[in-house]
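Hi,

Here is the structure I promised to pass on. Have a look at it first, and then read my notes below.

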Amino acid sequence: MQLLPTDILIAGQWRRGAGEPVDTVDPATGRVLATVHSASVDEVAEAAEAAAKAVADPAWRDMPAHERARLLHRIAELTEEAAPDLAAVQTADTGKTLTETRALALSAAGTFRYMAAALETAEDTVTPSRGPYVTMSVHEPIGVVGAINPWNSPVASDAQKIAPALAAGNAVLLKPAAWTPLVSLALGRLITRALDEFGLPTALLSVLPGSGRTVGDALVRHPLVARIGFTGGTETGRSIAAIAGEKLVPASLELGGKSPTIVRADADIEQALAGVLFGIFSSSGQSCIAGSRLFVAREIHDAFVGELVERVRKLRVGPGTDPATQVGPLVHHRHRDSVAAYVDLARSEGARVLCGGAAPQGERYQDGAYYLPTVLDGLANTSRTCQEEIFGPVLVALPYDDEEDLVRQANDSVYGLACGIWTRDLRAAWRIARRIEAGTVWINTYKQFSASTPFSGWKDSGLGTEKGRDAIRAYQRQKSLYWGTSDLPLPWAN
């Protein structure tokens, strides 16, 4: 596999895009890794038209479900075999640690494997008859689907959309983030290899890098794109939802988050400290589910936050290629500046910076997009810092007095993506988990995922779900069939 692929996949063919060139940069060094030419609007249309033909090709259209499952298993095998290369590409492109990018590559393989198993065991239904007929509910492909993914975990996010879409019998137009297209292109080569091995049209997948305003907008608006899957910012999600509404096509939207992580007075303190650190500072905080608002019972707040700050100061910041690194660089220098601006905003709102709050000093860091893990306190939950998604290694600590105060503050957010609860009291955990307005709640753990468990956002955190058995059905249309069984003539028969 080419280590740094720069050709893009248009209508089943690998070639240089006709759109603007975009440099992809190693955020650890500032060095340009490769220049990828974006897709043009015309190439998006070309890919959509080729995808529609590929969906109608009898080789794909008439392929039995268990054969499509074999294809997904083959993609899983190729992805697993290529995991070291995929990890290296993603680390170079995003700055994530190799430990994390290896796990993401293997997660992608696991997603294809799970969707293959779910497809093998998917069943349509004979529904209860209410007359002289047999009724059946069946599911068929939507056709051409658009998938738009962000830059923070591209290979895993790609698999979460491509795998169920192919399992459902569709074609996919994938738009990776402009900053981090390389691992998506590498995954695309593996998938087209598998399609070719099975004698299937490679136009079933296109990988179309470029800006959201050009490529993303063209993809979403194209009349042949009959479903949209998007992961990214809430405002972009709103605009996509509006276009989907105009077209009357389904859309799933995984959007922003400002997730609360809760430490009760009865928590296992060591477990909670480790969990809070991992929940916000892994991935350098560049995660929609990051536990960015820390609520600690007032009676232990000062001691807990004090110990947490001491541990944050010891986190090892460095390039993702260094096995000792715990917190890598941010994805891009412009994003690092955005995070720094939020910390400046926090200061203006009256925050105390307990640790971090700046880029690290030293020759090792001078060219990279680094920012120190940061802990703030002294803010009200109503402050902009506590309400807006920063998407970086910034944690805000807040005390709470009792359960009513906790639930009120935790739910006082436009977001509802995730939550973490640290407690030894199982009854309290159940009670609070059911009251929190979020699609995923972790209890005495954080950032654990399963391909078999649905993932969704509430409120401004999104619409629809990903993962789980129902992910395949979300990429299909339901159809009802009626089979008449009576020999008697129908009403009005001559």
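Buried here means under 20% relative accessible area, exposed means over 50%, and partly exposed is in between (1.4 Å probe, protein chains only). Helices (H or I, at least four residues) and strands (E, at least two) are DSSP runs, numbered from the N terminus.

Before going on: this is a predicted model, where local features need pLDDT of at least 70, side-chain atom pairs count only at pLDDT 80 or more, and totals for chains, interfaces and linings use all residues. Residues are numbered from 1 along each chain as its sequence is written, and side-chain values use heavy atoms, with hydrogens and water left out.

Which residues of helix 4 are buried? They are Ala83, Leu86, Ala87, Val89, Gln90, Thr91, Ala92, Asp93 and Thr94. The cover over them includes strand 3 (21–25), strand 4 (32–37), helix 3 (65–81), helix 5, helix 6 and helix 7 (182–197).

**How the helices pack**

Helix 4 packs against helix 5 at an angle of about 125°, and their axes are 8 Å apart. That makes helix 4 oblique to helix 5. (Axes are lines fitted to C-alpha atoms, for helices over the stretch in contact, and angles run from 0 to 180 degrees between N-to-C directions. Under 35 degrees counts as roughly parallel, over 145 as roughly antiparallel, 65 to 115 as roughly perpendicular and the rest as oblique.) On the helix 4 side, the contact (heavy atoms within 4.5 Å) is made by Ala83, Leu86, Ala87, Ala88, Gln90 and Thr91. Helix 5 brings Leu98, Thr101, Arg102, Leu104, Ala105 and Leu106.

Helix 5 (residues 98–120) also meets helix 6 (residues 154–167): their axes come within 8 Å and cross at roughly 15°. That makes helix 5 roughly parallel to helix 6. Among the residues in this contact are Leu104 and Ala105 of helix 5, and Val155 and Ala156 of helix 6.

Look for glutamine 271 in helix 10 (residues 269–281). At 34% relative accessibility, glutamine 271 counts as partly exposed. Leaving aside neighbours within four places in sequence, glutamine 271 touches Trp422 and Asn444. Glutamine 271 and tryptophan 422 are 151 residues apart in sequence, with their C-alpha atoms 8.1 Å apart in space.

Cheers
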